[in-house]
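This report describes one protein chain for a reader who is new to structural terms. Please keep the sequence and the model in view while reading.

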Amino acid sequence: MAGNTLRFKTNYAVSSKIEPFYKGGKVQISRDEKYIFCTCGPRVNVLQISAGKIVHSIEQDDQEDITSFSLSPDDEILVTASRALLLKQWDWKQEKCTRSWRAIHNVPVASMTFDSTSTLLATGGCDGTIKLWDIVKQYCTHNLKGSSGVVHLVEFHPDISLLQLFSSSLDCAIRIWDLRTSKCICVLESHYSAVTSLAFSPDGHTLISSGRDKICTVWDLEERKEKRTVPVYEAVEGVVILSANEDYSQLGVKSKDLHFITAGSKGVLRVWESSTARCVFTQTLPSAPVSSPEQTDGDPLSLVYCLPLPLSNRLATVTAEHNILLYQLPLLSVQQQFVGYSDDILDVRFLGKEDTHIVVATNSSQLKVFELATSSCQILYGHTDTVLSLDVFRKRSMFASCAKDKSLRVWRMDPETGRVHCVAQGHGHSNAVGSISCSRLKKAFLASGSQDCTIKVWDLPDDLPAVGEEPAQLVTRITEKAHDKDVNSVAISPNDKVLASGSQDRTAKLWSLTDMSLLGVFRGHRRGIWCVQFSPVDQVLATASADGSVKLWGLHDFSCLKTFEGHDASVLKIIFVSRGTQLVSGGSDGLVKLWTIKTNECVKTFDAHQDKVWALHGSSKDDLMVTGSADSNIAIWKDISEEELVELQAKQEDQILKQQELSNLLHEKKYLKALGIAISLDQPHTVLKVIKEIRQDEEGPQQLEKTLLRLRQDQKESVLRYCAVWNTNARSCLDAQAVLQVLLTHLSPDDLLQFQGARTHLEGLIPYTERHVQRITRLLQSSMFLDYMWQKMRVTGAKDSGELQGEEMDASPQGIFILDKQSEQANTTHAAQQQEEEKDDDDDDENKAPDSDEEVQEEEESISTSKSANRQAGKAVGTNGVENRGRISSEESSDEEDVMEISTSKSTVPTPCVMTDAR
C-alpha cells in the first residue's frame with residue numbers, strides 16, 4: 001500500500017549532461033588512440049574514445065579563443081596558441097600549465113606541429129613567418145621567412161635525420177625548408193587553391209597533397225617533382241595513405257601500388273590508386289540522402305578532417321556539422337559517432353522500452369539518437385531541412401518527426417540492436433510542419449500542425465516495411481483549417497478521442513478526432529500559445545504561452561481553472577508529472593520550474609541552461625526528465641525527492657541521538673566529548689550551552705582551558721566563529737570573552753591567523769568588545785558611587801535589638817518625621833519608566849540572539865532580581881537630603897539597562913523610605 005502512495009516531487013538533480021565539446025578547428029588523436037583532442041572556444045577538450053566522455057578540459061586563463069594546438073608524439077606535452085599571442089605548454093593529464101611564453105609572432109598562430117622526437121615545435125603564423133622552438137631547452141631555434149600570407153599548414157618530414165619542414169600558405173605552394181641552413185630549398189607548385197592536407201608514404205619518398213581545387217597531387221620527394229595529378233572532382237580536406245601491409249581488397253585495392261583515401265565536400269570516403277589516378281572504391285551511406293552533383297563546399301555532410309588510427313586499423317572523420325565518426329577498416333563500417341556541437345536543441349524525447357535512448361532534434365536536418373549509457377550517437381538522415389518537433393508512441397519503440405521541408409516521418413528502433421530506420425513518410429502541408437503528436441492507445445494515427453494554419457490527421461499503414469525497404473507513404477485522413485496564424489502545438493488526448501491545438505493567434509482549440517469538428521475555444525492568453533498538453537488523469541488541458549503564464553482549462557466548460565505565473569519570459573514547454581498532480585515548465589529565460597497544481601505553488605526552480613529551454617520530456621516511469629536548450633546542452637534530470645526525504649529523516653534521527661548523547665555527557669561532566677558533539681551539530685547555541693555548563697563547574701576556568709586546548713584545529717575555528725556571534729549579545733559576551741581569553745593566551749597570533757576566516761572574525765570581535773568594556777566601566781563607576789552614598793547615608797529609626805548590641809543608645813530627643821508621599825510617588829513612577837525601558841532593551845537582546853526557553857527563564861529571574869536591587873539602590877540615593885528630590889542622575893539612568901551584570905551580593909540592603917523632617 002505504501003508503494004502506491006503518491007508523493008509530490010520536491011526536487012530534481014542533473015544526473016548527466018550531453019554538452020558541446022567541439023565547435024570547429026583542429027582535431028588530433030593521441031598516439032595510443034585512446035583520446036581525441038579538439039578545440040571548443042577557449043578550451044581544448046579531451047574526449048575518451050572508449051567511454052565517450054570528456055575526461056579533461058584545458059582552459060585558457062584569459063578566456064581567449066585557442067587558434068591552434070599540438071600534442072607531442074609521445075602524448076606527454078600539449079602546446080596551445082591563443083589570440084593573446086601566447087604559447088602555453090600543458091601537462092594535460094593534470095590540467096596544469098607548466099610554461100607560457102610570447103609567441104613572437106605579431107599576429108595569431110594559425111598552425112603548429114611537433115617533430116617525431118617531441119623536441120621541436122614548429123608554429124606557422126598569420127604574418128607569413130614560421131618559427132621553430134626547442135621545447136626541452138626552451139628557446140626559439142629558427143625564424144623562417146618567405147611565405148606569403150597565412151601559414152595554415154606545417155609538417156615535419158617523418159625522417160627526422162633529413163631535418164626538413166614542409167609548409168603551405170595562401171600562395172597555394174608547398175615549401176620545403178632545410179633546417180640546417182634555415183632556407184627554402186624547394187617550392188612545389190601544382191595547386192590553384194589552398195593546400196589542405198599532406199600525407200607521407202611509409203618510406204618517406206612520396207608525398208600526396210590535397211586541395212580545394214578538387215585535385216590531389218602525388219610528389220616524388222627524391223626528385224622534388226610532380227609524379228601525377230589525380231582529379232577527384234570535390235574539394236578535398238583530408239588525405240590518408242593506406243598501409244601496404246594490410247589487406248584492403250574489400251576497398252578495391254588489387255595491386256601493391258600506393259593507394260590513398262580522400263575526404264571532402266561530398267561527405268563520402270573514396271579510395272584512389274595513385275599510379276592510374278582511378279577511384280577504386282566509393283563509400284555509400286545507406287541512410288543518407290543522395291548527394292547532388294553540384295554539392296557545395298558548405299554542405300553540412302561535407303568532411304573537414306580525415307585522421308588515421310594505425311594501431312587499431314581505423315579511420316576518423318570530422319563533418320562540417322562537428323560530428324566525429326570512427327570507421328573500422330577495411331569494411332568502413334561506422335564503429336562510433338560523437339556529436340561535437342548540436343547548435344539549438346529544438347526537441348527531445350525518451351526512446352526505448354526502458355528509456356535507454358533519447359532522440360534529439362537540433363537546428364539541423366539530421367536526427368541524433370543518443371545511448372544514455374555511453375553517449376554514443378546514431379545520426380539519422382531523411383529530412384532535407386531543419387527538424388522542428390518530435391513525438392513518441394506509447395511503447396516508445398517508434399517515434400515521429402516533422403520538419404521545415406513540409407514533411408513528416410515515422411521511425412522505428414530495433415529493440416535488440418538499437419538501430420533506428422525510417423518506416424513511413426508523409427507529404428501534404430504547404431509550409432513548415434511545426435508540431436506533431438502520436439496516438440496514445442495504438443500505433444494507429446498521428447496529427448500534425450503546420451505554419452500553413454492547418455491540422456492534418458494521418459493514418460499509419462498496418463504493415464510497416466522492414467529494414468532496407470522503402471518507407472511507406474502516410475495517407476491523410478482529414479485536413480482542417482484550424483487557426484488564423486501558425487499552429488505551434490498539437491496534442492492528442494490519452495483516450496485518442498479529442499485533439500487540442502495551440503496557435504500564435506493566442507487561442508487554443510479542442511477538436512473531435514472522428515470528424516475534426518470544433519468542440520470549443522480556450523481564450524485568455526495575451527500572446528501566442530507555444531505548447532498544449534492533456535492531463536493524464538483529469539479532463540484538464542494545460543497551455544503555455546509567450547505571456548509568461550501557464551493556464552489550466554476545464555474541458556467540460558472551457559473555463560480557466562488555474563493560472564501559474566513565475567517565468568519572466570515565454571513559457572515554451574510543459575509536461576505533467578506525479579500522475580497529473582504537478583507540472584514542469586520550461587521557458588525562454590532558461591529556467592525549468594516545478595509546480596504543484598493544488599496549491600498553485602512553484603515548488604522548485606532549476607537553473608541548468610543559459611538559453612531558451614525548447615525541449616522537455618518525462619520518462620515512462622516518471623523518475624527522469626530530459627531538457628534541451630538553445631545553448632546546445634541536454635540535461636538528464638533525476639527525481640531525488642525520495643532520497644532527500646530519507647536523508648532528512650536520517651539527519652533528524654542522528655541529531656536526536658546526538659542531543660541525547662550530549663545531555664548524557666554533560667551530566668557525566670565529560671566536557672571534551674560534549675563540546676565536540678555540539679560543534680559537529682553546527683549549532684552555536686548548543687555549543688554556548690556546553691560552555692556555560694563548563695563555567696558553572698567548581699573548577700570552571702581550569703576546566704574550560706583544558707577542554708578548549710584539546711580541541712582539533714577545525715573545532716577551534718568553529719568555536720572562534722561562534723564567539724564572534726556570542727560577543728554581539730550582552731547575555732553571552734562573558735562566555736565569549738572567557739573562550740577568547742583561553743585562545744589568545746595559549747595560541748600565537750600566527751596560529752590564530754591560520755584559522756579559516758580568522759581575520760574577519762577577529763575584526764568583528766573588536767568593536768563589540770570595546771563596547772562591552774565601556775559598559776562595564778560605567779557600571780563599575782556607578783556601583784562605586786552607590787557604595788559611597790550608602791556609606792554616607794544615616795538611617796534614623798528603630799533598629800532591631802540584635803543590631804544595637806555594642807552601640808550606645810542615643811538618648812537625645814528625636815525629631816518627628818512624616819512620610820513624603822509625593823516624593824515616594826515620583827520615585828515609583830520613575831522606577832516604572834525605567835522598568836519599561838529595560839524591558840524594551842531586553843526584547844532587543846532577545847531578537848539578536850534567541851536562546852532556549854530554560855535560559856530565557858533563568859535570565860528573566862536574574863533580570864528581575866537585578867531590577868529589584870536597582871530600584872532599592874535608586875530609592876537609597878533619593879534619601880540624600882532635599883536637593884536630590886528623589887531623582888536619579890542621567891549617568892545612572894543610561895546604565896540602568898546594563899545593571900543585570902552587577903552582582904546581587906548586596907541584595908540584603910533594606911528598602912529605604914523617602915522622608916522629610918516635620919520640624
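## Basis of the report

The model is predicted: local features need pLDDT of at least 70, side-chain atom pairs count only at pLDDT 80 or more, and totals for chains, interfaces and linings use all residues. Residues are numbered from 1 along each chain as its sequence is written, and side-chain values use heavy atoms, with hydrogens and water left out.

## The chain as a whole

The chain contains 12 helices and 59 strands. Helices (H or I, at least four residues) and strands (E, at least two) are DSSP runs, numbered from the N terminus. Of the 919 residues in the chain, 51% are buried. Buried means under 20% relative accessible area, exposed means over 50%, and partly exposed lies in between (1.4 Å probe, protein chains only).

The accessible surface of the chain is about 44,700 Å², and carbon and sulfur atoms hold 48% of that area. Accessible areas come from the Shrake-Rupley method with a 1.4 Å probe; for residues, only the protein chains shown count as cover. Among the contacts in the chain with a separation of 6 or more, 47% are between residues 24 or more positions apart. A contact means heavy atoms within 4.5 Å.

## The sheet from β30 to β33

An open sheet is formed by 4 strands in the order β30-β31-β32-β33, with antiparallel pairing. Its edge strands, β30 (345–351) and β33 (377–380), each pair on one side only. The twist from one strand to the next averages 20°. Two strands pair if DSSP finds at least two bridges between them, and axes are lines fitted to C-alpha atoms, for helices over the stretch in contact, with angles from 0 to 180 degrees between N-to-C directions.

Strand β30 pairs with β31 (residues 357–362) in the antiparallel sense over 6 bridges, and R349 stands opposite V359 in β31.

Another open sheet has 4 strands in the order β10-β11-β12-β13, and the pairing is antiparallel. Here β10 (109–114) and β13 (139–145) are the edge strands, each pairing on one side only. Neighbouring strands of this sheet are turned by 20° against each other on average, direction ignored. Strand β12 (residues 129–134) runs antiparallel to β13 and is joined to it by 6 bridges; H142 in β13 is the bridge partner of L132.

## A buried loop residue

Residue I49 lies in the loop between β4 (43–48) and β5 (53–59). It counts as buried because its relative accessibility is 3%. Leaving aside residues up to four places away in sequence, I49 touches E33, K34, Y35, I36, R314, L326, Q336 and F338. The C-alpha atoms of I49 and E33 are 8.0 Å apart, and the two residues are 16 residues apart in sequence.

## A nonpolar surface patch

L734, I776 and L780 make a nonpolar surface patch of about 250 Å². Patches are made of residues with over 30% relative accessible area and no salt bridge: like charges are joined within 9 Å, nonpolar side chains (Val, Leu, Ile, Met, Phe, Trp, Tyr) within 5 Å. A salt bridge is a side-chain nitrogen of Lys or Arg within 4 Å of a carboxyl oxygen of Asp or Glu. L734 belongs to helix α6 (residues 733–746) and is partly exposed, with a relative accessible area of 38%.
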